[in-house]
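Please keep the sequence and the structure in view while reading.

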Amino acid sequence: EPYMKEKEFEPDRIRRLFTFYRPAFNNGYLHTRGITNKTLCSARFQNRIFQDQFKNAVFPHFKKGIVCGLELKGEHTGLFVRGSEKTLWRSNRLLHDNTLIIAETPIDALSYHVIHGLEHGFYTATSGGFSPRQVEIIKNMVSELEWIRSVILATDNDKGGDKIASRLEDVIRNTSYLGTIERHSPDKRGYDWNDVLNQLAI
């Protein structure tokens, strides 16, 4: 996918739009993907997933603590709002976290949590292609967050997931990070973690 260009960022527009969104609750789209209110309202994900007036799920991206990008997902929607700067989507960090889980999409990250329920796992998602800007963010994250003891690459079991996992591992190994790195993808080729979650629900 083409990387977003800096001249296309409209931070004031993104901040203004974000004020109209509300935390996701009883979101029909997310429920069809196996993501329940219990997960959305948990300490891990509270105020990290929102919804617009059309009930699209909204995943905000932040830069220095300020919202800079808005990713919309719905039954017929999958896009970044015009003017967005893509960084990473992130869950909340909790006191005793020691594991960083990197997924390709926020819904995959949420699905991984529902399935595996890691008590001390902090989640982040690249939201599609892995840009040079995101490389720097990941590098800084694993170098600066000293509490990280393990990294789980929760990518899809497909060619795209293979490529992202390999690149992420290369990036992380070229930092001061000394902990473990493990790829954990679904067993079935072609599956992502939301596919697995929905399969379990059948």
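Two strands are taken to pair if DSSP finds at least two bridges between them, while helices (H or I, at least four residues) and strands (E, at least two) are DSSP runs numbered from the N terminus. The model is predicted, so local features need pLDDT of at least 70 and side-chain atom pairs count only at pLDDT 80 or more, whereas totals for chains, interfaces and linings use all residues. Residues are numbered from 1 along each chain as its sequence is written, and side-chain values use heavy atoms, with hydrogens and water left out.

| Strand | Pairing with β8 | Opposite residues |
|---|---|---|
| β6 (residues 89-90) | antiparallel, 2 bridges | Trp 89 and Ala 125 |
| β7 (residues 99-103) | parallel, 5 bridges | Thr 99 and Gly 121 |

Because 5 of the 5 residues of β8 (residues 121-125) are buried (under 20% relative accessible area; exposed is over 50% and partly exposed in between, with a 1.4 Å probe and protein chains only), this strand is largely enclosed by the rest of the structure. Gly 121, Tyr 123 and Ala 125 point one way from β8, and Phe 122 and Thr 124 point the other way.

Elsewhere, an open sheet of 5 strands has the order β1-β2-β3-β4-β5 with antiparallel pairing, and its edge strands, β1 (22-23) and β5 (77-80), each pair on one side only. Within this sheet, 2 bridges join β2 (residues 50-51) to β3 (residues 57-63), and Gln 51 stands opposite Ala 57 in β3.
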